[in-house]
Amino acid sequence: MKKVIEILVIGGSAGSFELLLKIIPRIKIDIKFVVLIVLHRKHNTNLSISELFRNKTPLPVLECEDKDKLIPGSIYFAPADYHLLIEKDRSVCLDYSEKENYSRPSIDITFKSASDIYKEKAAAILLSGANKDGAEGLKHIYQNYGTTIVQNPNEAEISTMPNEALKIFNPQYVLKVEEIIDLINNF
Amino acid sequence: MMAPDIVGDEDLEQLLNEVANVYGYDFTEYSKASIKRRINRICLLDKHKSFAELRYKVLNDQSYLSRFIEEVTVNVTEMYRDPFFYKALREKIIPKLGVNPYIKIWLAGCSTGEEVYSISILLHEAKLAHKAIIYATDINPTVLEKAKTGVFAINQMKLYTENYNNSGGSSDFSTYYSANYDHVSFKEYLRKNVIFSTHNLASDRSFNEFQLIICRNVLIYFDKNLQDKVFNLFDASLEKLGYLALGSKETIRFSHLNQTYKQVEKEKIWKKTR
Ligand SMILES: C[S@@+](CC[C@H](N)C(=O)[O-])C[C@H]1O[C@@H](n2cnc3c(N)ncnc32)[C@H](O)[C@@H]1O
C-alpha cells in the first residue's frame, strides 16, 4: 500500500556517505517531494557537503540556511553542527542547542519535526551508523502513520543504527540499498 | 526517549503571551518550532506532567523565571566556532577598523563569553585592543555573570586551541589563560575593554553607534518579523561603512538591509554602504 509523500528524510551516520553517493545520482528527476538529508559528520571544514553532491544529480542540492523554504524536487542537507527543525510554513528552523545522542545535527530531532509537520505524508530512511540516533524519531514517524524504512542491517556497514530502530518497532520496510533506490523512485 | 509533546501550539501561544505580560520578556516572535521544542524539553527535564503544571510554576514562582529563560534561550557556545569566520575577521575586517581613532564593537547575544574572549584576543594580536571597546550583551543575566569570570571547562581547551590555530592564530594559545584542575581562567587583561550588560534584542533600543556588530546564532531563534525588527536595530546602531557579522547559516537576504549592505566576499559579513 503506497501513499503520496511530501517529504523524504534520510538519516545517516558512519558508513552512510558512501550510500548517499550511490543513492543520490539515481533519484529520478521528477520526484514531487522534498528530500532532506541529516548526515552526521565532522564540522569545522570549509567544504560544504552540498557541493560534493551538486554535480552528481540534476536536482538542486542545497545546504540549508536559516528560514529556507523547503521546495519539492530539491535535495537539502542539514548543515553541520546545527539541529534542523521545520516550521508549519515548511521553512527551516535551525537550532544550535545541546547535542542529542552525542550528535548535532540529531536525526531524531529532524525526524520528529518532519513528522509533526508532514504527518502521514512524511517518509524516512535510517541508514548505517554507530549510535542510536534516529531510532526514536523514526518510531515517531511510524506512530504518526508515516512511511518508515530501515537499511537492512546485514548490508549496513555499521548496523547499530538500523538495529536500534528494529529493536523498538517494526518499520514498513527493511531494505537493501538497491531496493531503497527503487522504492524512492516509486513514491 | 523522545520527548512527548506536553505543550501544544495553543498552550505555547498562551504561555508566551502570559510571560510577556507578567514579566516583560517577549518570546512571542521566536521561531515556533524551536521554542516549542525547548519548552517541551523543560517539561521533561523538570518533570512537569502537564501544561497546567508548567504554567503555574512559571507564572507563580518568580525564582523559576530565570530557569525558564535559561532553557528557552539556548546558550550553547564555543570559542572560535567556525575558525574560517574568525580568520576573515582577523584578516579582512579588523585591520580596516584599525584606521579609526577608536573601535566600538557590539557583540549581541554573547552568551557565556567564549566569543568575547575570542574577539578580544584577535584585537590584542592586531595591537588594537588599547583603543577598542567591546559591548557584550545578552538577554540572560546569568550567562553574563559567567562571561565576566572568563572561566571555562578545561576539557574544551583542546578543541578551542585547534579552532584558534585554524583561525590563523600564531601565538601559543595557553598564554591567554591559566589552568587549575578542571577549568581555565582567561587573563584579566582580555576583559579590560569589555562592557557586559543585559540587552534584549526583542525589546530594547539602540544604545550606541558601532563599527562592527557581531550577532551569531541568535537570529535563528527569531521569526522573520522579529528578525526584521532586529535588523533595523542593527542598522540604526551601525556607523556608515560599518560591518554586520552573523552566524554561518544566517543571512540578511530576506530583509530590506539586503539593498544597502554589501556582502564581504563569501563571508557572513556585510558592509553598510550608506
Ligand atoms: C545559541 S547562543 C549563541 C552564542 C554565541 N553568539 C555563539 O554563536 O556561539 C544564543 C544566545 O542568544 C541569547 N538571546 C536569546 N534571545 C535574546 C534576545 N532577545 N536578546 C538578546 N540575546 C538573546 C541567548 O541568551 C544566548 O546566549
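Let's start with one residue. Arg67(B) is partly exposed, because its relative accessibility is 28%. Keep in mind that this is a predicted model.

What does Arg67(B) meet in a salt bridge? Its partner is Asp46(B), at 2.8 Å from N to O. Asp46(B) sits in the loop between helix 2 and helix 3 of chain B, while Arg67(B) is in helix 4, 21 residues apart. Asp46(B), at 24% relative accessibility, is partly exposed too.

Next pair. Glu71(B) and Arg38(B) form a salt bridge at 3.3 Å, N to O. Glu71(B) belongs to helix 4 and Arg38(B) to helix 2 of chain B, so the bridge ties together parts 33 residues apart in sequence. Buried or exposed, Glu71(B)? Buried, at 11%. Arg38(B) is buried as well, at 1%.

Third pair. Asp82(B) meets Arg216(B) at 2.8 Å, N to O. These two lie in loops of chain B, 134 residues apart. Asp82(B) is buried at 13%, and Arg216(B) is buried at 4%.

There is also a network. Shared partners join Lys88(A), Lys112(A), Asp116(A), Asp5(B), Asp9(B) and Lys36(B). Over all chains, the count is 36 salt bridges.

Now chain A. Its open sheet has 7 parallel-paired strands, ordered 3-4-2-1-7-8-9. Strands 3 and 9 are the edges. Helix 6 lies across strands 1, 7, 8 and 9, at about 130° to strand 9.

Conventions: Residues numbered from 1 in each chain as written. Chains lettered and ligands numbered in written order. Predicted model: local features only at pLDDT ≥ 70, side-chain atom pairs only at ≥ 80, totals over all residues. Heavy atoms only, no water. Pairing = 2+ DSSP bridges. Helix = DSSP H or I, 4+ residues; strand = E, 2+ residues; numbered from the N terminus. Contact = heavy atoms within 4.5 Å. Axes fitted to C-alpha atoms, helices over the stretch in contact; angles between N-to-C directions. Salt bridge = Lys/Arg side-chain N within 4 Å of Asp/Glu carboxyl O. Buried < 20%, exposed > 50% of the residue type's maximum accessible area, 1.4 Å probe, protein only.
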